[in-house]
Amino acid sequence: MSEKTNQQWGGRFNEPTDAFVARFTASVEFDQRMYLQDIRGSIAHAKMLTKAGVLTEEERDDIIRGLGEIRIEIERGEFEWSVALEDVHMNIEAALTKKIGITGKKLHTGRSRNDQVATDIRLYLRDEIDLILSEMTRLQQGLLGIANREADTIMPGFTHLQTAQPVTFGHHLMAWFEMLSRDYGRFEDCRERANIMPLGAAALAGTTYPIERDMTCELLEFSAPAENSLDAVSDRDFAIEFCAASSILLMHLTRMSEELVLWTSAQFDFINLPDRFCTGSSIMPQKKNPDVPELVRGKSGRVYGHLMSLLTLMKSQPLAYNKDNQEDKEPLFDAIDTVKGCLRAFADMVPALESKKENMREAALRGFSTATDLADYLVRKGVPFRDAHEIVGKSVAYGIEEGKDLGEMTLDELAQFSDVITTDVFDVLTLEGSVAARNHIGGTAPDQVRAAVVRGEKKLAERQA
């Protein structure tokens, strides 16, 4: 990367910038990823300046042609980025001027790097959110497929990580689907608020040129131009909001990751992860480590840190733009990369999960998971709930002492705790009877799980349409 000493803004200065300061204040090493958005914004600006009479049609066409050539050079790896030119914007502008002459210097009329960078970063984030939403949909599609397949697969449901009640694997996976649906909505909301155009605010107070912001706004597909020039160049709420939505998403992925790690352990042995998502040990040949969910679980800390970094960055900043705001990009960019990577890993991995049905069922048979069903049975027989609760508690204590689950007890053993217990009690003490009995929307009954899958498919279809 070149370190030339010329500056686009050097007229005010009597000596060149110190070489260390040039490197210290430069952002081109990380903001060059916004070259597409910068070029797109400049093309729209040039078209608007032409309509406003600032540029001729010939000058506009020269600018558009030159920017197109620069884009090709960047994508071919032939473009020389200069630290002395600080950022992606000044690098591209300098290259344009070198390519087409004095007309290149006219492009910056009516705008500042302040509104230019604010526009570029919103354009970039908007594009990245679209990719994230697409990857989130792919993960949800995978969840729907496996949930439908596993709608009848019984497993224990947990509270406090203790066996609580029987559920199905499909029902459990649909809980993950619901988490991601909320995440999707948060990213949609974030995109909507990011989709406001700062261009036209210039440095902080607007411009005296007869610009037409509505035209630029339409060309760049923003929903509206920013209402206040001071706020437009200094607002970074959209970046903070993105990191907040990302933090909640990563929190959800860590919950899923923790369950996958537990379920693949020898102590649970509920599922199998394909070898391609795991690694081994350098010393223990028997090991198969669930590295993908473990790493996703660990990456949450990066995104949480970026949220705090951006909140701290903006804390107490006076209006309008300050150089501090250059520090917004690295946390934001890394959060974007991390979220996309984690979603891709999960979207690839989840459809490949294989349930170990017998192990799940056996685990559900332990821990008195149908105790609540027995209490409900007693209530339906006319026993007050608190009395039913006590009766079941005593039967569980008896089962612990005798080493028997409720479904393993004889009718005589169960009837000693209440004379309303008859042969039909065994209908509710089976795992299948337990999950089937919760046959309401949001319940564990296999038919309800399949119905939830259908609703989920409809939701995704409407989203894509």
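## Salt bridges

A search of the whole structure finds 37 salt bridges. Here a salt bridge is a side-chain nitrogen of Lys or Arg within 4 Å of a carboxyl oxygen of Asp or Glu. The model is predicted: local features need pLDDT of at least 70, side-chain atom pairs count only at pLDDT 80 or more, and totals for chains, interfaces and linings use all residues. Residues are numbered from 1 along each chain as its sequence is written, and side-chain values use heavy atoms, with hydrogens and water left out.

Arg-450 pairs with Asp-152, and their closest N and O atoms are 2.2 Å apart. This bridge links distant parts of the chain. Arg-450 sits in helix α20, while Asp-152 is in the loop between α7 and β1, 298 residues apart. Helices (H or I, at least four residues) and strands (E, at least two) are DSSP runs, numbered from the N terminus. Arg-450 is partly exposed at 29% relative accessibility. Asp-152 is partly exposed too, at 46%. The classes are: buried under 20% relative accessible area, exposed over 50%, partly exposed in between (1.4 Å probe, protein chains only).

Lys-356 bridges to Asp-269, with the closest N and O atoms 2.6 Å apart. Lys-356 lies in the loop between β6 and α14, and Asp-269 in the loop between α11 and β5, so the pair ties together parts 87 residues apart in sequence. Lys-356 is partly exposed at 30% relative accessibility. Asp-269 is partly exposed, with a relative accessible area of 24%.

Glu-413 forms a salt bridge with Lys-404; the closest N and O atoms are 3.0 Å apart. Glu-413 counts as buried, at 11% relative accessibility. Lys-404 is partly exposed at 27%. Elsewhere, bridges that share partners join Asp-62, Arg-65, Glu-69, Glu-73 and Lys-99 into one network.

## Nonpolar cores

The largest nonpolar core has 71 residues. Such a core is a set of buried Ala, Val, Leu, Ile, Met, Phe, Trp, Tyr and Cys residues joined through side-chain atoms within 4.5 Å. Those with the most contacts inside it are Leu-139, Phe-187, Phe-242, Leu-249, Leu-253 and Phe-346. Helices α7 (113-149), α8 (169-194), α11 (237-264), α12 (291-314), α13 (329-349), α14 (357-365) and α20 (446-464) each supply at least two residues of this core.

Take Phe-187. Leaving out residues up to four places away in sequence, Phe-187 touches Ile-129, Ile-132, Leu-133, Met-136, Phe-242, Ala-245, Ser-246 and Leu-249. Contact means heavy atoms within 4.5 Å.

## Helix α14

The buried residues of α14 are Met-360, Ala-363 and Ala-364. Seen down the helix axis, they fall within an arc of 100°, so they line one face of α14. The arc is that of the directions from the helix axis to the C-beta atoms. These buried residues pack against β1 (154-159), α8, β5 (271-272), β6 (354-355) and α19 (431-437). Gly-367 follows α14, and its phi is positive, near 85°.

## Surface patch

Phe-20, Val-21 and Phe-24 form a nonpolar patch on the surface, with about 330 Å² of accessible area together. Nonpolar patches join side chains (Val, Leu, Ile, Met, Phe, Trp, Tyr) within 5 Å, from residues with over 30% relative accessible area and no salt bridge. Areas come from the Shrake-Rupley method with a 1.4 Å probe; for residues, only the protein chains shown count as cover. Val-21 lies in helix α1 (residues 19-25). Val-21 is partly exposed, at 35% relative accessibility.

How values were computed:
Patches are made of residues with over 30% relative accessible area and no salt bridge: like charges are joined within 9 Å, nonpolar side chains (Val, Leu, Ile, Met, Phe, Trp, Tyr) within 5 Å.
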